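This report describes one protein chain for a reader working with its coordinates. The sequence and model come next.

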Amino acid sequence: MSYFSILIPVYNQVGKMDRCIESVKAQTFTDFEVIMVDDGSTDGSYEMLREFEASDDRFHAVRYEENGSLIKARYTGMERASGEVVLFLDSDDYLLDVALERIHDRFEETDPDIVCFGFVTEPDGEKVAPVHIDDIIEAIHKKTIYPTIWKNAYKRTVTDRLVETTKPFYCNMGEDVYFSHVLFTFGKKIDYVDDILYYYQRDTGMSSPTGVPEFNPSRFRKYITDATQAATHTVDFIEKYNPEKSETTKKAVSNMSKFVLMQHFMFEKDYRIIVQYIMELKNMGCEELFDYACNISLKRKVYFDSMNELEDQ
């Protein structure tokens, strides 16, 4: 059994994750296994993972023929993990070479359930230190901290509880909010490494302006549906396992679909496409979200663009 299980979900990453893999191989603490889950890639990613596997017996590749979403890929990793401590690593991100050593030392020194650590976003270079706080879920609700699960390391007893008490569902939007509520419900004792150990790429996916695709009705419906699913499953879990947080959780996750809207609106320059987004909500029967898009999101978009125009003059 290894000390660390590093879980890497992969989808269409050929030629894009060498830095990720090399950062793992460069770790000063070497007692780890890497579980790479190919979630139905269509570009030969699995063959690439098999090459990583062949080059280092600590690496293990798993494949799904059909895409099951990021949640299922992470579940698979947790189910197969044999290490004492579980670490999530996205395939386009990478680790500082002493990351595992620093995390290992903190687990050995204080025996926590979860260790939180600092990260830096690239390419802007923003450094984010962990916030020392007693109630992590409350901090997520108040937006004091990011809900991302890759900035923490978890005892496998915590992730095992997640696997035992919940089941995967299709979701690629809002999954970190869901996982964070579950993991920090079961992980009570928290400790911190204030150093920057993780490098997060903001210039990929939905996290940047370039990540917002051209209007695609089916894709947009999926984003909204995923966010709704994540919110529903989060509330259901909290009501069962952490009921004192039920009311604040309901309020916090009710904004997830609205966040998806704002991401699409803020970076879209063509108002005709924004109208298409709004009408798609109408077609989906999302009346409450449709009203919000018309009366709140659109107004914010107009104001946002107006301010940018004034700054450019």
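## Basis

This is a predicted model, in which local features need pLDDT of at least 70 and side-chain atom pairs count only at pLDDT 80 or more, while totals for chains, interfaces and linings use all residues. Residues are numbered from 1 along each chain as its sequence is written, and side-chain values use heavy atoms, with hydrogens and water left out.

## Overall form

The chain has 12 helices and 9 strands. Helices (H or I, at least four residues) and strands (E, at least two) are DSSP runs, numbered from the N terminus. The radius of gyration is 20 Å, close to the 20 Å that the globule rule gives for 313 residues, so the chain is as compact as a globular protein of that length. That radius is taken over C-alpha atoms, and the globule rule is 2.2 Å times the number of residues to the power 0.38. Along the principal axes, the C-alpha atoms fill a box of roughly 55 × 45 × 40 Å.

Of the 313 residues, 53% are buried. Buried means under 20% relative accessible area, exposed means over 50%, and partly exposed lies in between (1.4 Å probe, protein chains only). The accessible surface comes to about 14900 Å², with 49% belonging to carbon and sulfur atoms; the areas come from the Shrake-Rupley method with a 1.4 Å probe, and for residues only the protein chains shown count as cover. Among contacts (heavy atoms within 4.5 Å) with a separation of 6 or more, 81% are between residues 24 or more positions apart.

## Salt bridges

Side chains of opposite charge can pair when their charged atoms come close. The structure holds 22 salt bridges, each defined as a side-chain nitrogen of Lys or Arg within 4 Å of a carboxyl oxygen of Asp or Glu. One of them joins Glu 122 and Arg 19, with the closest N and O atoms 4.0 Å apart. Glu 122 lies in strand E6 (residues 114–122) and Arg 19 in helix H1 (residues 18–25), so the pair ties together parts that are 103 residues apart in sequence. Glu 122 is buried at 18% relative accessible area, whereas Arg 19 is partly exposed at 45%.

Another salt bridge, between Lys 245 and Asp 135, has an N to O distance of 2.3 Å. Both residues sit in loops, Lys 245 between helix H8 (217–241) and helix H9 (246–253) and Asp 135 between strand E7 (127–128) and helix H5 (136–141), so this pair links parts 110 residues apart in sequence. Lys 245 is buried at 15%, and Asp 135 is partly exposed at 24%. Lys 250 pairs with Glu 239 at 3.2 Å between the closest N and O atoms; Lys 250 is in helix H9 and Glu 239 in helix H8, so the parts tied together are 11 residues apart in sequence. Arg 74, Asp 90 and Asp 176 are linked in a network of salt bridges.

## Val 24

Val 24 belongs to helix H1 and is buried, with a relative accessible area of 0%. Leaving out residues up to four places away in sequence, Val 24 touches Ile 6, Phe 32, Val 34, Phe 59, Leu 89 and Leu 95.

## Cysteines

The structure holds 0 disulfides, a disulfide being a pair of cysteine sulfur atoms within 2.5 Å. Cys 20 is buried at 2% relative accessibility, and Cys 116 is buried at 6%.
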